[in-house]
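I opened this entry to look up helix packing, sheets and contacts. The notes follow in the order in which I checked things.

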Protein chains: 2
Amino acid sequence: MTTKLTLKSVAKTLGVSTATISNAFNRPDQLSVALREKILGACHELGYLGPNKAAQSLRTGSSGIVAVILSDSLEYMVSDPVASQFLQGVSRELERHHLHLLLFSGQATNPDAISDFVDGFICYGAPRNTGLIEQLRLSKKRVLTVDFDLPGRPSVNIDNEQAAFDSAIAVLRDKDTVAVLGLRLIDAARSQPVGDKPMWDNQSSIAHRRLDGYLRAMQQRGLTLAADYLWHIPESNQNYAREAAKAVLAMTPRPTVLLCMSDLIGLSAMREALQLGLRIPQDIRVVGFDGIAETLRYHPTLTSVWQFSDAKGEAAVRAFLSADDSSQLLPYQLRLGESS
Amino acid sequence: MTTKLTLKSVAKTLGVSTATISNAFNRPDQLSVALREKILGACHELGYLGPNKAAQSLRTGSSGIVAVILSDSLEYMVSDPVASQFLQGVSRELERHHLHLLLFSGQATNPDAISDFVDGFICYGAPRNTGLIEQLRLSKKRVLTVDFDLPGRPSVNIDNEQAAFDSAIAVLRDKDTVAVLGLRLIDAARSQPVGDKPMWDNQSSIAHRRLDGYLRAMQQRGLTLAADYLWHIPESNQNYAREAAKAVLAMTPRPTVLLCMSDLIGLSAMREALQLGLRIPQDIRVVGFDGIAETLRYHPTLTSVWQFSDAKGEAAVRAFLSADDSSQLLPYQLRLGESS
DNA sequence: TCATATAACTTAATGCATTAAGATGATAGT
DNA sequence: ACTATCATCTTAATGCATTAAGTTATATGA
C-alpha cells in the first residue's frame with residue numbers, strides 16, 4: 001500500500017521542507033528554478049497533483065469556486081432560453097478567470113451547506129423563498145444579485161421600468177384596449193387575473209418594475225388598465241402562457257395590445273391569436289420582453305426589449321469579482337418587429 | 001469588531017470544550033440533552049451556523065457534494081432535452097440524499113481543480129478529451145460513468161446495440177435503401193459522410209454500439225449499408241442534422257429508411273423530408289433514438305427507442321452512492337410512431 | 001462500603017496546507 | 001577584510017474542525 005500523498009509526505013520523500021513544496025506550486029519566485037523543476041517533476045512522478053484544495057481553501061479562505069443560485073428550479077432554468085443565455089455568459093466569464101461554477105437552485109438547496117466551499121454567490125432572480133433571502137443577507141461571503149436588489153449588496157440589472165415604458169409607448173395608440181400578461185405578480189401556481197390579490201414583493205421584483213413602466217406609458221397615452229386585464233403567469237413557459245393568452249383573447253372587449261413580460265409569453269400569445277384567426281398587427285399587437293433568438297425565427301417577429309442575457313452574465317461575474325460595491329444598470333435595446 | 005465565529009471561539013464563549021460543540025452538531029448521543037439545547041440555542045444567538053464545511057471535509061474526507069461532468073459543453077447540454085432530462089433525474093435523486101450537485105463541462109474544466117471538494121464524479125457521456133479520461137481513471141475519488149465505460153469503474157447505461165437492433169428490425173423491409181444519420185462517429189466538426197475516415201473510439205461509444213445494432217438488423221434483412229449512406233453528425237442539434245438530412249435525401253437512390261441516432265436528428269430529418277414533398281411513412285420511414293417529449297407533439301410521431309433519461313439520472317446517483325462496483329444496464333422501450 | 005459500570009465531558013493528536021519570520025551561505029561593495 | 005544584501009531554504013504558528021482515549025462524577029449492585 002502506497003502512503004497517502006500530501007505536502008508533508010512529498011516533502012519528506014524529497015528531503016525538503018513543506019514550505020518549499022508549497023512554494024513550488026504557488027510562489028515560484030521563492031525558490032530556485034532548478035529545485036522547483038525537480039520538485040514538480042518528482043510530484044508528477046509520484047502522482048501528487050498539487051496541494052489539497054480543501055486545506056488550501058481552509059487556510060487561505062478562498063476556493064476559486066463561485067456559486068450561482070437560480071431563483072427557480074434548475075430544471076426550469078435549464079429550459080428557459082433567457083436563463084440559459086445568462087448562464088452561458090457567467091460560465092464563459094468565470095472560465096476566463098479560471099474560476100469554477102457551482103450551480104444550484106435556491107428552491108431546494110441551502111446555501112449554508114456550500115457556503116464554506118465557495119468564494120461567494122451570484123444570485124439570479126428574486127427568490128420566493130424568504131429564508132434564502134435572509135441567508136444571503138447574513139452571509140459573510142460576497143453576494144451579487146442579478147435582476148433584483150438586496151439591501152447592502154451590489155447588483156446587476158437593467159432599468160426594467162424604463163425599458164417596459166419604452167416598449168409600451170412605441171406600440172400604444174389612443175383608444176387601445178390593453179392587457180398585460182405579467183410574470184409572477186402574485187403568489188399563485190396557475191395563470192389568473194391578478195384582481196385584488198396581494199401583490200408579491202412590490203419593491204424590487206422585475207415584474208413590478210415592468211408593470212410600473214407599462215402603466216406609465218398607458219397613462220401618457222390616456223389609457224387605463226381594466227380590472228381583469230392584468231394577468232399573473234406563474235412561470236415563463238408555453239403552457240401557462242397559452243392558458244392566459246386564450247382567456248385574455250376571449251374577453252370583451254378583446255384587447256388590441258398585449259404587453260407580455262417575456263418573449264416566451266409573447267410568442268405563445270401570438271400563436272394563440274393566429275389560431276383564433278386574428279391578424280397581427282392589424283387586429284392585435286404584441287410586445288415581448290427579453291430578446292431571445294427564437295423570436296427572430298418566428299413570424300411575425302416580436303417587438304421586444306433586448307437585454308442581452310449572455311452579456312449580463314459576463315457583467316455579473318465582473319461585478320462579482322470587482323471590489324466595487326455599487327450596483328450597475330446595463331443597456332438594453334428596443335427592437336420593433338412585425339408584431340406591432 | 002466581533003470576533004470570528006469558530007468552534008473554538010464558540011466553545012470558549014460557552015465555557016465548554018470544542019469537542020462538545022462538535023458533538024452537539026454531529027453526535028447528539030455524546031452529550032446531555034440539556035447541554036445540547038443550550039449550545040445550539042447559543043450558536044443560533046451568536047450567528048454560528050455550524051462547523052466550517054471545508055474544515056469538516058478536510059478532516060472527515062467527505063463533503064456531501066457530487067460533481068456531474070458533462071462530456072459536452074454546459075451550454076449545449078443545457079439545451080439538449082435528453083441531457084437536461086438526465087440532469088433533472090440526477091438533481092432530484094441527489095436532493096433526496098441531501099447531497100449537492102456541482103455541474104460542469106468536461107471541455108473547459110479540470111476535475112483536479114475541484115476533486116478535493118467533492119465526494120466523487122458522475123461522468124455523463126464519453127468525453128472526447130482524452131486527458132479528462134486519464135484524470136478520471138487516476139482519480140482517488142469514486143467515479144461512475146454514464147453512457148460509456150471506463151476500465152475498473154462502475155457504469156450505468158442501456159444496451160445500445162440491442163436497442164438499435166430492435167428499432168431497426170421493426171422498420172426495415174427487404175429492398176430498403178438505408179441511410180444512417182449517426183452521432184459523433186468521427187473526429188470532424190461538420191456533418192459529412194464517414195467514408196473511410198478513422199472512426200472514433202470503437203470500443204465504448206454509444207454511437208458505435210448503435211451502429212452495430214443497425215448493421216446487425218440490416219444484415220438480418222439482407223441489406224447492406226452503401227458507402228456514403230453512413231453520415232457523421234457532430235452534435236445532436238437542428239442545424240447539423242438538417243444539413244445532413246438534406247444531403248442524404250438528395251442522394252440517388254434516395255433512402256427509403258433513415259436510421260437516426262437521436263430524436264432531434266429524427267425530427268429534423270422528417271421536417272426536411274416533408275419540405276421536399278415526401279410522404280412519411282409511404283416514401284420514407286424515419287427512426288429516432290432517446291425518447292423526448294417533443295416527438296409526441298410533432299406529427300408524424302417518431303418511432304424511437306425510449307430510454308427514460310430522468311430515471312437514468314436517478315439510477316446513476318443510486319449506483320454512485322452504492323458500494324457496488326458492478327455496471328448496470330437499464331431497461332428501454334421501443335415505441336412505434338407514425339414515422340414507420 | 002467498596003468495586004464497577006455508565007454518562008458526560010475534556011485532552012490532545014490529527015487532517016493538509018499557507019506564510020511570516022528566521023537561518024544560512026554566497027555575492028557584492030567599499 | 002568586513003559588513004550589507006540577497007537568494008534560498010527551514011521553522012513553527014496557524015486555519016477550523018473530528019475523534020480516540022482519558023478523566024470525573026454519579027449511579028448501581030452485592
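I started with a helix pair and noted that α6(B) and α14(B) are oblique to each other, where angles under 35 degrees count as roughly parallel, over 145 as roughly antiparallel, 65 to 115 as roughly perpendicular and the rest as oblique. The model is predicted, so I kept in mind that local features need pLDDT of at least 70, that side-chain atom pairs count only at pLDDT 80 or more, and that totals for chains, interfaces and linings use all residues. Residues are numbered from 1 along each chain as its sequence is written, and chains are lettered from A and ligands numbered from 1 in the order in which they are written.

**Helix pair in chain B**

I looked up the geometry: helix α6 (residues 81-96) of chain B packs on helix α14 (residues 309-321) of chain B at an angle of about 40°, and the axes are 6 Å apart. Axes are lines fitted to C-alpha atoms, for helices over the stretch in contact, and angles run from 0 to 180 degrees between N-to-C directions. Helices (H or I, at least four residues) and strands (E, at least two) are DSSP runs, numbered from the N terminus. The crossing of α6(B) past α14(B) is right-handed (the near helix is turned clockwise from the far one by less than a right angle).

For the contact (C-beta atoms, placed from the backbone, within 7 Å), I listed residues of α6(B) including V82(B), F86(B), V90(B) and L94(B), and residues of α14(B) including A311(B), A316(B) and V317(B). By class I noted eight nonpolar, five polar and six charged residues in this contact. Here Ala, Val, Leu, Ile, Met, Phe, Trp, Tyr, Cys and Pro count as nonpolar, Asp, Glu, Lys and Arg as charged, and the others, Gly among them, as polar.

**Sheet in chain B**

Which strands does α14(B) lie across? I found β1, β3 (120-124), β4 (142-146), β5 (155-158) and β12 of chain B, with the helix running at about 155° to β4(B). The open sheet of six strands has parallel pairing and the order β2-β1-β3-β4-β5-β12 (chain B); strands pair if DSSP finds at least two bridges between them. β2 (100-105) and β12 (328-330) of chain B are at the edges with a single partner strand each, so one side of each has no neighbour in the sheet. The twist averages 20° from one strand to the next. Strand β1 (residues 65-70) of chain B pairs with β2(B) in the parallel sense over six bridges, and I69(B) stands opposite F104(B).

**Sheet in chain A**

I then checked an open sheet of five strands, ordered β7-β8-β6-β9-β10 (chain A), whose pairing is mixed. Its edge strands are β7 (192-193) and β10 (285-287) of chain A. Strands β6 (residues 178-183) and β9 (residues 257-260) of chain A are parallel over four bridges, with V180(A) opposite L259(A). Helix α10 (residues 206-220) of chain A lies across β6 and β9 of chain A, at about 165° to β6(A).

**DNA and chain contacts**

I counted 27 residues around DNA strand C, the closest being T6(A), S22(A), P51(A), N52(A) and A55(A) (near: C-beta atom, placed from the backbone, within 6 Å). The largest share of this surface, five residues, comes from α2(A). Around DNA strand D, T6(B), S22(B), P51(B), N52(B) and A55(B) come nearest.

Last, I noted 30 residues of chain A in contact with 30 residues of chain B.

Methods:
Contact = placed C-beta atoms within 7 Å.
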